[in-house]
Structures are given as structure tokens and as C-alpha cells.
Amino acid sequence: MRITRPLLGLTGLALVSPLLAACGGDADLVIYSGRNEELVGGIIEEFEEQEGIEVEVRYGDTAELAAQVAEEGDSSPADVFFSQDAGALGLLSEEGLLTDLSEDDLGRVPEVYASTEGDWVGVTGRVRVIAYDPDQVEESELPDDVAAFTEPEWRGRVAIAPTNASFQTFITAMRVNDGEEAARAFLEGLIANDVEIYEHNLAILDALEAGEVEVGLINHYYLHEKKIELGEENVRTQLKFLPPGTAGALVNVAGVGVLEGGSDNEHADAFVEYLLSDETQAEFVEVTGEYPLVDGVEPPADVPPLEELGGGTGIDLGELSSLDETVDLLTEVGLI
Amino acid sequence: MSTLAAHRPDRPPRLLVAVALLCAAAAACPIAYLAIRTAQAGWSDVRPLLLRDRTLELGLNSLALCGSVALGSLVIGIPTAWLVTRARLPWAGFWRVVAALPLAMPSYVAAYAWLTFVPGLHGYWGTVLVLTLVSAPYVTLPVAAVLRRADTDVEDVARTLGMGPTRAAVATLLPQVLPAATAGALLAALYALSDFGAPALMRHQVFTYGIQHAYKIGFDRTLAAVMALVLAAMALAVVLGERLFRGRAERRGASGSGGVPAPPRSLGRGLPVALALLGIVAVATLGVPAAALAVQSAESLSTGVVWDELGGAAAQTVALSAAGAALTVLLALPIGILAGRFRGRVAASIESASYLGNAIPGIVVGLALVFLTINLLPGLYQTSVALAAAYAVMFLPKAVGAVRTGVQQVPRDVEEAARVLGRGPVRVWATVTARIASPGIAAGALLVMLTAMKELPATLMLRPIGVETLATELWSKSAVGSYGAAAPYAVSLVLVAALPAYLLSRPGTERGAAS
């Protein structure tokens, strides 16, 4: 019977807890952020102070939040979707959930980094790279095209994260660029070559640091995060940027779109404008190690300039919303 | 409920059946959502998804995992339970608490910790190891409860007939603990079937992996829905299998017949071995994560703790999980009473149905409730009520089991005596049955609360906007590799969950921990 008292306490708590949680809902702007709080939380807080308004943010996984918005439809409480990936924005655009942005906002970044429909805009650039452990692999050994990783000499040495959005966008680019069959041959070749499967890019980076694998296909800025976490001198992983022309050199973006709920909310427009301002762009470079997309903002010091990467493949990022076909392909070959 | 304590045990009162049915139906809502999604797609789209090799491969992986974890939990749980109840151990209270504490350890933290020290542990065996370690208490606690009350007269008789002490114990005690042990193993099996965190980190591809990623990519809700339905069917098969086994075991040996508690026995030279075994399990479940978190904090530069944030997240964790526990027990009461008091197909079916939600991954339950609340009860969307409902759907079996065992422990004679003394049936229920069953029911509530604290995917999706729990903060910090900043949240999560785990380890409440 001693336990009855905790039970009473529990019931009491249960009655009070909805009150504790009921404080939300009266915000001036609601953002769904597929970008991590650790990375963009400070930037959003500064916006809040600058505008003198109250902003509520729901942080989550980009794809899961996009699924949630799709499920919510017109009833979504969100005004703005801040995405880690162009693909998710493309999907929301296709479902008709995004509203048009102003010409001013769209004009801030090169055309290739914004929606052709005019309903989302890239904020920062992230580049596909080959990350490698210099203790096990010489840079000169690395190929200029990721397709080479299906060769027998790379058996069991390469890591990928097939469930990660940026990997899928990269495969989409390959499908669009080189055709369905080339993409299929690449994936099947990787599987036949004992490719190591990881949950996400960071897990690949951890595995590289631990010497578990030799090479990993990731985005460039993860190394920046790793250096911040461990100290630059304690990180041994190196990056190889690929020459333009193949999907392996894809330049993807993190971007933003305004949802139906934010269409008549002036703060939503202000937020998009704020993300594309010179000051915020510079802050992204510093905090996340990504490429600024707005002209005249200094890129990170330790990476080749974006122009040299030539926009990767020249692929329209809007076309990268054909994720469905990529998913079918990944499903068919058995990677997901 | 007027005939609750009456004499026709096989004909449950209609009102009770109706209420229990309603509660089970509420818990089956996500299944309805999955059915709607699948039906919208049509059979021609669903067929190839269902019949592809990948489905079979993931299904077999999941079933193998589920079976191994159930078996492993029995292998660790039963001897542990025997040691902490029947053997004379130094620091007996300490070992009793340590045997329950793994319940407070989220599977993803345990997996992460093991990988820190043994990077090569990936795959099937690593996943089995981690899931077995964290779910063994599901067996330990109810078995310990039975052993504490087990009838030792038979054991003494067996000894006088010439059996050695070990053989006598195994021969006479095992039949008595089997129903509780298999019921505990069922919870472990269902946990293994529905867990995503540990298999994901261990890179072992199971069904939940397939479902999670079907959503993640291009939000393919049809593929995910089809796979989730298959997973639910697998869970149902596991539940029915356990029921079959339990039925047989219950017929063979009476559980907890209420003999005089036997005095703990001296182990003699076996004591060091026993202590070593208990010690190894404790180090594996609790020591390894503690060490891993310490190492990570030391290596990392991001070790600053924002105490306000930490405190706020801890308070929200407790509040939300308590709300979830309260709602879960509320839904479990009619089902548990029905299952505990009445046999027959109706009671059995309703109880089995209440287990369905347990196998569906949190992300599916989350999306189902997004869909259902937005469309049916928009006022509840993104409130703690919707999240509590998600917890109720997922963790109902834990509470149903606890209520059922609690009710079964109330001797009918006592109820009948109260009736004879002139009390009405409802008063008898409130003053006699509920009081005697309450420790078991409370234990069920604690177990739900404890599990809800560790839940992540549904919490991420349904928590009120701006609200962070220890689990969501842990997720967001470790997702960008800020392991140092994540460590305090992992430690706090385990500490906060340790309190209900401790309460569950106390004699008298442990029996409700499973059943």
C-alpha cells in the first residue's frame, strides 16, 4: 500500500501537466525547422530580438517534419518550413503546400539555388565530398568520380548513409544527370562491393575518426561540426572536393519556404529576408561551415570557392524533388 | 459492473465488456489509420510492396531479434530473480535495486555506450546484447515477486524424496514462475520488435528500420503503412503464442500460492560466482553507459550545461510521462479487470487487441495521431493530451498486464465475504478489490511512466511546440555530434527514470512490473 501515495502524486502531476504545456500557441511566428537547434537556434533567437516578436520553433528531422506538414495540410500551425535539404522543399512545393516568395528574396541567390516555381529559396550551400582517413588512404588514391567505388579495390572500404536525405538527393542527381540505369548500376555495384551502411553522415564521420572505415560519402560541413566539437587538432579526417560534372560533386542547399499558414504573416517574409541578409549569411559560414549563397559574403576559408565547384552538375535543384523514383530505386536494390 | 464479483466467472457483465471494448478500440486507432492509408493505395500498389524480398528479409531479422531477446531476458532474468529473493547476499537491497535499474536505461544510450568501447559490435549480436540487457528486468521483477511468495513446501518434499537442492528448486519452482516469466519475456519480445534506436545505432536492419526510413524518404506513407501493418501482425502472433504457452503453464503450476516466505538460503561456495554474475550484468547495463558518457564529456569541448534548460526539460519529461501514465492506466483498468476476472474468447480477444499498438513504431503512432487529431479533434493537436494518448497506445500492454495481475491477486473469498457482510458490489470493488490490487496497478503506472520518459519519435512529433524533454534535447544535441553537451541530458534521463525503477524494485510493487 506504500505505493498508493506515489500513485496519487502521479495523478496530481498528470492533471497539472497539460497546464504546464499549454503556454504555446500565441506566437507571432511558428517555424518548423528540420535544421538542428544547435546550429540555427542562436540565429533564430537573434531574429526574434531584432523583430521584437515571439517565435516558436518545432525542431525535428527534415523528412519527418515534411511528412508531418503533409499530414497537417491546410491546418498546419506552421508559417515557415526551414529545411535541411532542397528535396523536401521540392516535395512540399509539389503538394501545393508552399506559397510564392517575393522576387526580391528569390533574386538574392543565383537562380540555380532557388525553386523554379518561385516558392522556396536556398539559404546556404552544402557540397557532396569524399571524406577519408589519411592514415589509411592517400589523397592521390581517391578517384575523381564516385562511380569508381564500385571497383574491386574499394571492397569493404567505403561507407554510405542511404537513409539520409542528402544521400538520396545525390542519387536523385545521378538519376537526373546520368540516367536511371547508371544510378542503379552504381548502387548495385556498391552493394556487391560490401559497402558499409550507416545511419547518418555523422555516424560515418565517427567511424572514419575511429578508423573503422577508410572512405565515406558525406556533405562537407559535417567536418566543421566535428572540429568545433573535438578541437581542430584532434580531428584527422580529410575532405576531397570533386571536380564539377558528376553527381558526386552536387551542390545542394538548405532552404526555406513559406507555408499556407504564413501567407498573410508579415513576419514570415521578414524571416526569409533575414536569412538572406549579409549578416546572417556570414553567421552561417561561421557557425555551420556552409557556403553563403548571397553574392559578396565571404565563404569559409578552408574550402574551395563555390564557383570552382561549378554548381556541381548544373542540375536544377527543383528537379531533385523526384525523390519518389529514387526511393523506388533504393527500395528495389534493397538499400532501404 | 454490478456482477463483477458474482458467481458466473465465464460471463462478463455487458457494461464492462462494452467499456473495455471502447478502450481497446481507442488504442487500436493507429491501426485504423494504417488501414486507411493502405486502402487508399489499393491492392495493386500494395501487393508488390508486401511480397518483395526485402519485406521477408526485414521480417525474419525482426523475428530472430525478438526471439533472441526474449530468450536472453529469461536466461538473465530468472537466475537474477532467484538470487535477489532466495539467496543470502551481502548488500541484498543494493542488488535488488540494481536488478531493476536497467529499465531506466534508454536502448539508444546503451547501444551508443557499447559502441564507444567496442566499435565492432555492430549487427545482430550487438543488438541482441543491448536489448537483452535493458529488457531483462521485465522478467526479473515479476519472477522475483512470484518467488517471494512461492510455495516452498513442495520444494521441501522434493528434497526429502532425495533430490539435490538445485534440482529440487528447478523442478518445483520453475513451474510456479513460468507464467510470470513468459509474460515478462513477452514484454521484452514486443520491446525488441518495436525498438528503433538500438537496432539503428547497431546498424542491424529490422522492420522498424524499414518503416522509419520509408517515412523519412520522400514521405512514402503507403510503404510505411503496409510495413507497419505487417509488424502489427507479427506482434499479434507473438502475443497469441505467449497466451498459448501461458495457458498451459498456468494449468500446470499455480502461481504464487501464498505460502510462507522462505528464508534466504546460504550459497556457500557458490556466493562468489553469484556475486560475479550479478556484477557482470550490472557493469554491462549500468557501468558501460556511465563510463562512455564520462569519456565523451571529457573529450568534448561542448560540455557547458545550461541548467535552466536541463531543469525545464526534466520537469516536462516528468509531467508528460505522468500524464501518459495516468491516461494509460485509465484505459487499462476495464481491459485488465476483464482479463483478470473472466476467461473466454471475448476477454482474451480484447486483451490481445490492446497489445497491438505496442509493436507499432513511435513514428507511426505519432503520424497516426497527427492525422486523427487534425481531422477529428483539432483542438487537441499539439497538446500534451495528444502526446499522452500516443503513450497510452504504445504502452497499454504494460498497464493491462499490471491491472490483470493485481486483480487476479484479490482472493474471491475476500470479495464474497464482504458481499455477505452486506456491502454492494460497487462498494466491494472500491473498498476491497481496488485496495488490494492498487500496488500492482501503481506498479503498472510507474512502468508506463518510465518507458514514456525514454520515448523519442512520437514525442518529437507530438509534443506541444516549444516544449523540450530530456529525450528530445538528447536527440538534438547528439544529432550534431555535440556529445559533451548531450551527456548531461543522458545522465539526467537515466537519473529521473531511476526513481520509478527503484520504486518498482521494492517487494510488493515488483509483481506489477509485468505479468
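Q: At what angle do helix α15 (residues 307-341) of chain B and helix α22 (residues 470-479) of chain B pack?
A: In this predicted model, the axes of these two helices lie 7 Å apart. Helices are DSSP runs of H or I with at least four residues, numbered from the N terminus; axes are lines fitted to C-alpha atoms over the stretch in contact, with angles from 0 to 180 degrees between N-to-C directions. The angle is about 130 degrees.

Q: Which word describes how α15(B) and α22(B) lie to each other?
A: Angles under 35 degrees count as roughly parallel, over 145 as roughly antiparallel, 65 to 115 as roughly perpendicular and the rest as oblique. The angle here is about 130 degrees, so the pair is oblique.

Q: Which residues of α22(B) make the contact with α15(B)?
A: Contact means heavy atoms within 4.5 Å. From α15(B) come B:Glu309, B:Leu310, B:Ala313, B:Ala314 and B:Thr317. Their partners on α22(B) are B:Leu470, B:Glu473 and B:Lys477.

Q: Which residue of chain A meets B:Lys477 in a salt bridge?
A: A salt bridge is a side-chain nitrogen of Lys or Arg within 4 Å of a carboxyl oxygen of Asp or Glu. Chain B and chain A have three salt bridges between them. The one with B:Lys477, at 3.3 Å from N to O, is made by A:Glu38.

Q: How are residues and chains labelled, and which pLDDT do local features need?
A: Residues are numbered from 1 along each chain as its sequence is written, and chains are lettered from A in the order written. Side-chain values use heavy atoms, without hydrogens and water, side-chain atom pairs count only at pLDDT 80 or more, totals for chains, interfaces and linings use all residues, and local features need pLDDT (the predictor's confidence in each residue, from 0 to 100) of at least 70.
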